[in-house]
Amino acid sequence: MELTSESPEMVVEKKSRAPHFRVMYLNTDLEQFLRFSEKFENELQAEYFDSKESVLEALHENFPADVILAHADSGGWELLDTIRSSSGFGNIPFVILVENLRRADIENARKKHADDIFSVKFDDGNLITRIRYFKKRQWYVANKASQKIGSQQSRTPFWKRAIDVITTGGAVILLLPVFLLVALLIRLDSKGPVFYRSKRVGSGYKIFDLYKFRTMRTDADQMIRKMAALSMYNKAPEPVQQQMEHSGLCEDCLAGGQCKSLLFLDGKEICEKLYHFQKEQKAAFMKFQNDPRITRFGQFLRNSSLDELPQLINILKGDMSLVGNRPLPLYEAEKMTTDDKILRFAGPAGLTGLWQVTKRGKGKADMSEEERTQLDITYAKEFSFKMDMQIILKTFPALLQSENV
C-alpha cells in the first residue's frame with residue numbers, strides 16, 4: 001500500500017540497470033532481513049540494525065542512507081518519531097514495515113509522516129519504484145534550492161582559491177606516498193574500488209561526490225547471509241542441530257516424550273527452551289555481524305581518520321574549500337531550504353569552518369543545530385582572508401579537544 005500516488009512515467013520507468021540504493025534496515029528478526037537482502041540484492045545495499053539506537057548512532061556518523069526501513073514491532077514507530085523531529089535527519093525517506101497491512105497502521109503512517117508502509121512480504125506495491133521516486137524528489141528539491149540562492153551566490157575569491165590550491169596541492173604531493181600505500185593495501189585487503197563516494201550538497205546547493213578511502217567489503221551482504229547460517233546452525237553442537245531438525249523439541253522434552261513448555265510461534269509449535277536457544281544464537285551472531293563488513297585495514301583507516309584524506313582531492317577539484325561550511329548529505333540539506341536557513345549554502349563548503357572552532361572542546365551537545373546554522377550563515381555573509389586564517393589557526397588546537405572538526 002502506497003501513501004503517495006505516482007505518475008505513469010514513474011511506473012513504466014525503464015528497468016535497465018538499477019543503482020544500489022543504501023538502505024538502513026531495522027528489524028530484530030534477523031531471518032526477515034536475510035530474506036529481504038536476498039530478494040533485493042540486485043537493487044539495494046542493505047545495512048542491518050537491530051535497535052533504533054544503533055540506527056541513530058550510524059546517522060550521527062554520517063551514514064549515507066537513501067532510505068530507512070523499520071519494522072513497527074522493532075521500534076519502528078519510535079524511530080520514525082525521532083527522525084521526523086530531528087533537525088538533521090528529518091527528511092530521510094522512511095518506510096514502515098508491518099507483518100500484515102491494516103487500515104489502522106496505514107492511517108498511523110500518514111499521521112506520523114512516514115513516506116510509505118509495506119508488509120514484510122512486499123507483496124503489495126513496488127519498493128524499488130518508491131525508492132527511485134524518493135531520490136527524484138531529492139534532486140528536484142536540490143534544483144529548486146540552487147535556483148533560489150543562485151542570485152545571491154558569488155564566485156570563490158581568487159585569494160581563497162589560491163590558498164586551497166597551494167596548501168592542498170602541497171599536501172597531496174607530500175602525502176602522495178601515503179595515498180599510494182593506502183590504495184595498494186586496500187586492493188590487497190579486499191576486492192573493490194579504492195575510493196568510496198557519497199553525495200554531498202555544497203556551495204550554491206550543488207551536489208557533488210565526496211571522496212573517502214573504502215573501508216568496507218563490497219560483498220558484505222553475501223557474507224552476512226553465509227555467516228548467519230554458520231552462526232545459527234553450523235556452530236551449534238551436533239545434538240542441538242538434530243533437535244532443531246527433529247520436531248522443535250529440546251533434549252529434555254525428547255526424554256520425557258512431550259514438551260513441558262510449548263510455544264506457538266507463527267503458526268508453528270516450538271519448545272520454549274529451544275526458542276530461547278535460537279534467540280541466543282542470533283544474539284551471538286549480531287555481536288560480530290558488523291566485523292565482516294569492515295575490512296581489516298578499513299578499521300585502521302577509520303580509527304586513524306586516514307579514510308578522510310581523499311577529501312583533499314575534492315578541494316583541488318573545487319567542490320569545496322579548505323575553510324567553509326560543512327557539506328551536507330542530501331537528506332540533511334533538504335531541511336535547510338527554508339528562507340531563514342538556505343543562505344548557509346551561499347558560502348563555500350569546507351573541511352573546517354566557523355562553528356567547528358567557536359565552541360571547541362565543549363562537545364557537540366553544547367551547540368544546537370540552530371546555533372550551527374546561524375554560524376554558517378554568518379560565515380557565508382562575512383568570510384574574508386582574515387577570518388579564514390583565524391579559523392585555520394584555531395582548527396589545530398580544536399583537533400586535540402573533544403569537538404570533531
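Here is a short chat about salt bridges in this predicted model.

Me: How many salt bridges does the structure hold?
Reply: There are 15 salt bridges, each being a side-chain nitrogen of Lys or Arg within 4 Å of a carboxyl oxygen of Asp or Glu. The model is predicted, so local features need pLDDT of at least 70 and side-chain atom pairs count only at pLDDT 80 or more, while totals for chains, interfaces and linings use all residues. Residues are numbered from 1 along each chain as its sequence is written, and side-chain values use heavy atoms, with hydrogens and water left out.

Me: Which residue does aspartate 66 form a salt bridge with?
Reply: Lysine 135, with the closest N and O atoms 2.9 Å apart. Aspartate 66 sits in the loop between α3 (52–60) and β3 (67–71), and lysine 135 in helix α6 (residues 127–149), 69 residues apart. Helices (H or I, at least four residues) and strands (E, at least two) are DSSP runs, numbered from the N terminus.

Me: And are those two buried or exposed?
Reply: Both aspartate 66 and lysine 135 are buried. Buried means under 20% relative accessible area, exposed over 50%, partly exposed in between (1.4 Å probe, protein chains only).

Me: New topic: what does arginine 130 pair with in a salt bridge?
Reply: Aspartate 116, at 2.6 Å between the closest N and O atoms. Arginine 130 is in helix α6 and aspartate 116 in strand β5, 14 residues apart.

Me: Why does arginine 130 count as buried?
Reply: Because its relative accessibility is 1%. Aspartate 116 counts as buried too, at 0%.

Me: Which residues do shared partners join into one network?
Reply: Arg84, Asp115 and Arg137.
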